[in-house]
Amino acid sequence: MLQLYFYPMACSLAPRIALMEAGLEARYHLVHLWTKKVLEDDSDFWAISPKGAVPVLVLENGDKLTENPAVLQYIADLKPELGLAPPPGDPDRYRLQEWLSFIATEIHKAFLFPTFWYKDDAAKANARERIGQNVAFAAAHLSDREYLVGDRFTVADGYLAWSLLLLGRGGVDIAGWPSLTGYLARMRERERVKAAIEHEMQLWKTMKA
């Protein structure tokens with residue numbers, strides 16, 4: 001069985017969404033990112049991931065995969081018939097990679113990571129200076145389409161949906177981009193996306209209590 005190491009409402013929500021959309025069973029291990037402990041047995045998360053970051057997907061053969069673009073692509077390819085990623089040889093396969101990379105580098109790591117992790121106000125301010133342009137790019141792309149790639153939900157949509165959920169907590173109100181508010185609403189109407197978000201929100205509230 002696949003195993004996913006996660007922290008609630010962190011970027012590991014995107015692989016949870018992908019796993020649920022694919023109908024794949026997995027064992028989920030809750031990690032405390034500040035103490036670097038796996039909560040079920042108080043084991044050292046550094047021993048699982050030398051990067052000290054989620055997500056970590058443990059494959060059925062015991063190999064470990066990290067970084068959302070790789071993890072999401074792997075999950076999608078386990079159920080190719082569902083179209084969570086375009087098939088090899090399809091030009092949209094590269095559009096998927098393009099969007100996964102853009103979300104990871106220009107929204108996730110360029111803005112959300114420093115905003116939530118850095119204590120340096122200058123670093124946060126620098127991240128905020130760039131995010132509007134990047135968000136506007138995604139908004140323009142979605143102004144006349146329902147999904148990021150092609151005409152169906154892909155793993156990139158789960159990743160962007162997580163990003164948009166977190167932008168508000170980072171000080172960016174997406175209400176200024178109607179195409180994004182509509183897009184996020186559509187994503188949250190998907191049964192399995194909704195279930196994944198609600199589950200992790202409850203876990204997050206419990207950990208914060």
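How are H7 and H8 oriented relative to each other, roughly parallel or roughly perpendicular? Keep that in mind as you tour this predicted model.

**Stop 1: H7 and H8.** Select residues 178-189 for helix H7. The axes of H7 and H8 lie 5 Å apart, at an angle of about 90°. H7 and H8 are therefore roughly perpendicular to each other. Now show side chains. Met-187, Arg-188 and Glu-189 of H7 touch Glu-191, Val-193, Lys-194 and Ile-197 of H8. This contact of H7 with H8 counts 3 nonpolar, 4 charged and no polar residues.

**Stop 2: H1 and H8.** The crossing is right-handed. On the H1 side, the contact residues include Leu-13, Ile-17 and Met-20. On the H8 side, Val-193, Ala-196 and Ile-197 are among them. The contact of H1 with H8 has 8 nonpolar, 1 polar and 4 charged residues.

**Stop 3: S1 and S2.** Select residues 2-6 for strand S1 and residues 26-32 for strand S2. S1 and S2 run parallel, joined by 5 bridges. Find Leu-4; its bridge partner in S2 is Tyr-28. Next, trace the chain from S1 through H1 to S2: this β-α-β crossover is right-handed.

Stop 4: Look for His-32 opposite Lys-37 of S3. The S2–S3 hairpin has 4 residues between its strands. Finish at Lys-36 in the turn, where phi is positive, about 60°.

Methods:
Residues numbered from 1 in each chain as written. Predicted model: local features only at pLDDT ≥ 70, side-chain atom pairs only at ≥ 80, totals over all residues. Heavy atoms only, no water. Left-handed = near helix turned anticlockwise from the far one by under 90°. Helix = DSSP H or I, 4+ residues; strand = E, 2+ residues; numbered from the N terminus. Contact = heavy atoms within 4.5 Å. Nonpolar A, V, L, I, M, F, W, Y, C, P; charged D, E, K, R; others polar. Axes fitted to C-alpha atoms, helices over the stretch in contact; angles between N-to-C directions. Parallel < 35°, antiparallel > 145°, perpendicular 65-115°, else oblique. Pairing = 2+ DSSP bridges. Right-handed = clockwise from strand over helix to strand, strands pointing away.
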